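Visitor: I am new to reading protein models, and I would like to learn how to go through one feature at a time. Could we look at a structure together?

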Amino acid sequence: NEWNGNLQRDFTLTEQVRMQFRLDAINMMNRTIFGQPTTTPTSTNFGKITSTTEMPNRFIQFQLRLRF
């Protein structure tokens, strides 16, 4: 379960110039996502989950856009 979010705000600086502030958050809850269990019956790790996915940790990005 990965939660992503986005906040955005537009500001009018002048009649023709606008600024946009944006915040993006990936994996907001910073939860670990586990891999699949081992399915080889002869393995000593049969049925165990021994890995996590390549999901990145929490990632937050700020953006500032000036439109004219």
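Guide: Let us begin with a term that we shall need at once: a salt bridge is counted when a side-chain nitrogen of Lys or Arg lies within 4 Å of a carboxyl oxygen of Asp or Glu. Please keep in mind throughout that this is a predicted model.

Visitor: Where does aspartate 24 meet arginine 22, and how far apart are the N and O atoms?

Guide: The general idea is that side chains of opposite charge can pair when their charged atoms come close. In this structure, the side chains of aspartate 24 and arginine 22 meet in a salt bridge, with 3.2 Å from N to O. Aspartate 24 has a relative accessible area of 14%, and because buried means under 20%, this residue counts as buried. Arginine 22, at 26% relative accessibility, counts as partly exposed.

Visitor: How many salt bridges are there by this rule?

Guide: The count comes to two salt bridges.

Visitor: How many bridges join S1 and S2, and which residues face each other?

Guide: S1 and strand S2 (residues 18-26) pair in the antiparallel sense over eight bridges, and the two strands form a hairpin with five residues between them. To read such a pairing, one can follow partners across the strands: leucine 7 has leucine 23 in S2 as its bridge partner, glutamine 8 has arginine 22 in S2, and arginine 9 stands opposite phenylalanine 21 in S2.

Visitor: Is glutamine 20 buried or exposed, and which residues does it touch?

Guide: Glutamine 20 lies in strand S2 and, at 8% relative accessibility, counts as buried. Leaving aside residues up to four places away in sequence, glutamine 20 touches Gln8, Arg9, Asp10, Gln63, Leu64 and Arg65. The C-alpha atoms of glutamine 20 and leucine 66 are separated by 6.4 Å, although these residues are 46 residues apart along the chain.

Visitor: Which residues form the nonpolar patch on the surface?

Guide: In general, the side chains of a regular strand alternate between the two faces of the sheet. In this structure, a nonpolar patch on the surface is formed by Phe11, Leu13, Phe21, Ile60, Phe62, Leu64, Leu66 and Phe68, which together have about 910 Å² of accessible area. Strand S3 (residues 59-67) gives the largest share of this patch, namely four residues. Isoleucine 60 is found in strand S3 and, with 47% relative accessibility, counts as partly exposed.

Visitor: Where is asparagine 27, and what is its phi angle?

Guide: Asparagine 27 has its place in the loop between S2 and S3. The phi of asparagine 27 is near 55 degrees, which is a positive value in a residue other than glycine. At 2% relative accessibility, asparagine 27 counts as buried.

Definitions and conventions
Residues are numbered from 1 along each chain as its sequence is written. This is a predicted model: local features need pLDDT of at least 70, side-chain atom pairs count only at pLDDT 80 or more; totals for chains, interfaces and linings use all residues. Side-chain values use heavy atoms; hydrogens and water are left out. Patches are made of residues with over 30% relative accessible area and no salt bridge: like charges are joined within 9 Å, nonpolar side chains (Val, Leu, Ile, Met, Phe, Trp, Tyr) within 5 Å. Accessible areas come from the Shrake-Rupley method with a 1.4 Å probe; for residues, only the protein chains shown count as cover. Buried means under 20% relative accessible area, exposed over 50%, partly exposed in between (1.4 Å probe, protein chains only). Two strands pair if DSSP finds at least two bridges between them. Contact means heavy atoms within 4.5 Å.
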